Amino acid sequence: MAQQYRITLLPGDGIGPEIIAVSVDVLKVVGKKFDIDFEFQEALIGGAAIDATGEPLPAATLDTCRNSDAVLLAAIGGYKWDTLPSHLRPEAGLLGLRAGLGLFANLRPAKILPQLIDASSLKPEVVEGVDIMVVRELTGGIYFGKPKGIFETETGEKRGVNTMAYTESEIDRIGKVAFETARKRRGKLCSVDKANVLEVSQLWRDRITKLAAEYPDVELTHMYVDNAAMQLLRAPKQFDTIVTGNLFGDILSDAAAMLTGSIGMLPSASLGASGAGVFEPVHGSAPDIAGQDKANPLAQVLSAAMMLRYSLNQPAAADFIEQGVLQVLESGVRTGDIISPGMKLLGCQAMGKALIQVLEQ
């Protein structure tokens, strides 16, 4: 009897529809190999949803996502919607999706693929073998804390306010995800904060330290965020799993991503306590190349692999896709964003076909 899963597809904007089409084709091949039956349903988000319904996250989309086993999201946004008020921009749809599904944990891997080591701006000996997972808290911290806003003071001067706040329970739940993630990897967790200056970070450090007693098999260290940013560039191989708050995670996950040389190759996962997780590439919608068959679909495909691993509990199928990506790169084909001398340039569809050929062998 085949395992059955309902997957919601959110193609979104720009190159989104092109790269999600490749992922669906790949998942169909994987389904046949591993006796998995995928039922795909598509919904609107971002600019595409604004154009069709006037809002970036229609209620119907959220309902569809809630009634699925996992959500595969491509990309949202573009110049076309930049002048809209903030609550009506495509990005508001993404924040609404995270809040609506209770997605508090963002997993961002930064792994050097040996075939692309020359794409990194750092020396090969610094980045060779880098394999980091950044676990970022996603629904708390300074982006959601109250009070927030631009207020007028008694003197008539404007004052901008954002509040960085975390409760014990918010810290504990992201900490547990991080310890569990480190346990599945190399058993090392580095918690990043600014406890020498911020009270909220002092609480963060206290709670993470207390949690460590439940995970004696995981080695816990602490690092201030400014030092962590420096160490990511100086000696990235010292890190295995990093856990940090929303703001620090936003910055450090992008810094870690650039160790790999191309943001076009990196997937991510956003998970809640239960229900559907959202899996998406970390790159944007690239409106300048949309519809031109130039996009790199591999980050979207690797996001589908993360979906199989973290939401559907199909690690063998996830490994199969990841090995296929390595093999297709080994064969010397590249999309424009990762092209290098001596390699063969392929478009989005051709790269998808080349990967499927490898997977079907």
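**Helix pair α1 and α11.** I looked up how helix α1 (residues 16–34) packs on helix α11 (residues 315–330) in this predicted model, and found an angle of about 130 degrees with the axes 11 Å apart; axes are lines fitted to C-alpha atoms over the stretch in contact, and angles run from 0 to 180 degrees between N-to-C directions. That angle makes α1 oblique to α11, since angles under 35 degrees count as roughly parallel, over 145 as roughly antiparallel, 65 to 115 as roughly perpendicular and the rest as oblique. I noted the crossing as right-handed. In contact (heavy atoms within 4.5 Å), Val26, Leu27, Val30, Lys33 and Phe34 of α1 meet Ala316, Ala317, Phe320 and Ile321 of α11. These contact residues divide into 8 nonpolar, no polar and 1 charged.

**Cavity.** I then searched for cavities, sets of points on a 1 Å grid over the protein atoms alone where a 1.4 Å probe fits but cannot get out, and the count came to 1 cavity of 30 Å³ or more. The largest cavity holds about 90 Å³ of space, taken as the space filled by probe spheres set on the points. I listed 13 lining residues, with Met164, Tyr166, Trp204, Gly245 and Phe248 nearest the centre; a lining residue has an atom within 4 Å of a point. The elements giving two or more residues to this lining are β8 (188–193), α7 (199–211) and α9 (246–259), where helices (H or I, at least four residues) and strands (E, at least two) are DSSP runs. The lining divides into 8 nonpolar, 4 polar and 1 charged, with Gly counted as polar.

**Conventions.** Residues are numbered from 1 along each chain as its sequence is written, and side-chain values use heavy atoms, with hydrogens and water left out. Local features need pLDDT of at least 70 and side-chain atom pairs count only at pLDDT 80 or more, whereas totals for chains, interfaces and linings use all residues.

Notes
1 Å grid on protein atoms, 1.4 Å probe; cavity = no way out; pocket = protein on both sides within 12 Å on 5 of 7 lines; lining within 4 Å. Left-handed = near helix turned anticlockwise from the far one by under 90°.
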